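Dear colleague,

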Amino acid sequence: MTQASLQDPAVLSEAVTVRDAPPAPADLEPFRRELTGYCYRMLGSGFEAEDAVQEAMLRAWRNAEGFEGRSSVRSWLYRIATNVCIDMHRQVQRRARPMEMGPSSPPRESHLGPMLPEVMWVTPVSDSHVGPESADPAQVAQYRDSVRLAFVTALQHLPARQRAALILCEVLSWQVSEVAELLDTSVAAVNSALQRARATLRTLPTESRPDALEGADAELLDRYVDAFERYDIDRLVTLLHDDAIQSMPPFAMWLRGAADIGRWMVQPGPSACRGSRLVPTSANGCPAFGQYRRHRDGGYEPWALQVLEISGGKIAEMSFFLHPLDPERLFPGFGLPLHLEA
């Protein structure tokens, strides 16, 4: 799964410069975006990733005088961010997706179960916070593959140091010797960690990768928005693969199959989504929408962040992250308002 670096070459050429003077805050900020992407893959939460990067920046600012210039500022920051992520990982359980919690459910509300805490779930990240600023198609494709919800979830099965080694070597294209220095270990130990990480990932269920988005996919998304906002479920079902998946964190319940998804959508609770409005955004390299339901006092209130994976001209997966998962940050984190006028 070796991939070319996801970073802008101009940024990298500046980043590898070894500095004689302690770095100033202005020297650190250009790395915030790529560090957020790294921490997201490490932690499985966009919000935790932003917290981790902020903590790493604070530690760097406080200890700038201790920077000896023997490595690049970039490597120094990644070392700090890795330690922050490992510390955070010790404090919480492994994040997952509903598909790991149990088998798919029949499309009946009696199977919905309780809302579970946000810390249990792999949650999405805004492409505007971590995506490549380059428009190069190869970089965009590599980025999309490395932040897919399924891949980020698979990473959470690895011990933290194995996870760091795999992300740095196989996603960000660091040399093994660089990773060994960052982790204060040997090249042999990093190679061993990579071997074990790859072996673990091979034991996990595999899913087909999403196709690159093309013009026909834009038309598919237009049809999806039209069908959803009109709540034409029969039409919506025709846009799904027969074995499509729908999940709804913070609920553990999930559904498999276009027919079951269609039956679920007309249950009494889900049918309250009738009349919703969708506002486009993007998450994890995928098209996404902020879903707003009608509010009894007028206008529309946030209900779910919908992340769609497209494959073969149809929708393969719909991850609906419901607003109660993190009402303070979910919609604002994607630049989405907390109210729409009628």
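This is a predicted model: local features need pLDDT of at least 70, side-chain atom pairs count only at pLDDT 80 or more; totals for chains, interfaces and linings use all residues.

Residues are numbered from 1 along each chain as its sequence is written, and side-chain values use heavy atoms, with hydrogens and water left out.

The structure holds seven aromatic pairs (rings of Phe, Tyr and Trp, the last by its six-membered ring, with centres within 6.5 Å; planes under 30 degrees apart count as stacked, over 60 as edge-to-face and the rest as tilted). One of them joins Tyr224 and Phe228, whose ring centres are 5.9 Å apart and whose planes stand at 35 degrees, so this pair is tilted. Both Tyr224 and Phe228 are buried, that is, under 20% relative accessible area with a 1.4 Å probe and protein chains only.

Tyr292 and Phe331 form an edge-to-face pair, with 5.2 Å from centre to centre and 90 degrees between the planes, and both of these residues are buried as well.

Tyr224 and Phe228 also belong to one aromatic cluster together with Tyr231, Phe289 and Phe320.

Two arginines lie over ring faces (CZ of Arg, or NZ of Lys, within 6 Å of the ring centre and within 35 degrees of the ring normal): Arg277 over Tyr300, at 5.2 Å from the ring centre, and Arg293 over Trp303, at 3.7 Å.

With kind regards

Note on methods
Buried means under 20% relative accessible area, exposed over 50%, partly exposed in between (1.4 Å probe, protein chains only).
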